[in-house]
Amino acid sequence: GFIVASYPNLLRSDAVYRALCASMRDGKPNFFYSEIGGIQKAIDSLTRAFVFVLATGLLISCIFLVTMISCDLFYRKKEIGYLQIFGIPKSRILAYLSWEYLLKLLLSLAVAGVLYAVAILGYRCFAGSFVLCQVPFSLGTITAMAAVYMATVLVAIRCFLKKSVFDLIYA
């Protein structure tokens with residue numbers, strides 16, 4: 001069982017406090033358990049909805065990213081075709097393009113970090129308080145997003161490299 005402790009000023013309403021004390025004296029389960037259970041169900045359903053929205057957003061962003069990378073590679077298809085004609089293996093082209101997109105990602109993260117620092121300093125100047133993000137959570141989120149980004153980049157590049165040299169140069 002649970003030990004429930006309370007004191008008179010814990011609750012704003014004396015009637016609620018008296019009902020709580022009466023339920024504990026009579027040996028009945030605490031009436032807050034049912035309210036907490038209802039709130040927990042509401043929080044769980046909101047969490048599920050939030051996760052669904054995030055998953056949908058992730059799927060849409062991955063589709064957009066593949067389309068954007070495919071469009072970028074389409075405009076560079078002659079370059080990629082000539083690299084293959086000159087004997088550069090597809091694995092090396094894949095590594096070259098992957099490093100290129102990784103550098104773009106790192107540059108974007110650096111710019112975002114600088115903008116975040118400027119925003120925090122601006123907030124401190126105007127509001128007089130200092131806000132910091134939770135570093136482990138932020139690093140974990142950034143790492144997960146970078147991993148999804150790089151996986152999407154690799155999928156898009158591999159799909160593009162399946163084309164023949166003739167299709168890349170003359171199409």
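These questions and answers concern a predicted model of one protein chain.

Reader: What makes up the secondary structure of the protein chain?
Author: The protein chain has six helices and zero strands. From the N terminus on, its elements read α-α-α-α-α-α.

Reader: Why is the pair of Phe 74 and Tyr 75 called edge-to-face?
Author: The ring centres of Phe 74 and Tyr 75 are 5.6 Å apart, and the planes stand at 75 degrees. Rings pair if their centres lie within 6.5 Å, and planes over 60 degrees apart count as edge-to-face. The pair is therefore edge-to-face.

Reader: What makes the pair of Phe 166 and Tyr 170 tilted?
Author: The centres of Phe 166 and Tyr 170 are 5.1 Å apart, with 45 degrees between the planes. Planes under 30 degrees apart would count as stacked and those over 60 as edge-to-face, so the rest are tilted. Both residues lie in helix 6 (residues 165-170), four residues apart.

Reader: Why does Phe 74 count as partly exposed, and why is Tyr 75 exposed?
Author: Phe 74 has 41% relative accessibility. Buried means under 20% and exposed over 50%, so a value in between is partly exposed. Tyr 75, with a relative accessible area of 67%, is exposed.

Reader: How do you know what kinds of residues form the contact of helix 4 with helix 5?
Author: Residues of helix 4 that meet helix 5 include Leu 97, Ser 98 and Tyr 101, and those of helix 5 include Met 150 and Arg 158. The residues of this contact divide into 15 nonpolar, one polar and two charged.

Key. Residues are numbered from 1 along each chain as its sequence is written. This is a predicted model: local features need pLDDT of at least 70, side-chain atom pairs count only at pLDDT 80 or more; totals for chains, interfaces and linings use all residues. Side-chain values use heavy atoms; hydrogens and water are left out. Helices (H or I, at least four residues) and strands (E, at least two) are DSSP runs, numbered from the N terminus. Contact means heavy atoms within 4.5 Å. Ala, Val, Leu, Ile, Met, Phe, Trp, Tyr, Cys and Pro count as nonpolar, Asp, Glu, Lys and Arg as charged, and the others, Gly among them, as polar. Rings of Phe, Tyr and Trp (its six-membered ring) pair if their centres lie within 6.5 Å; planes under 30 degrees apart count as stacked, over 60 as edge-to-face and the rest as tilted. Buried means under 20% relative accessible area, exposed over 50%, partly exposed in between (1.4 Å probe, protein chains only).
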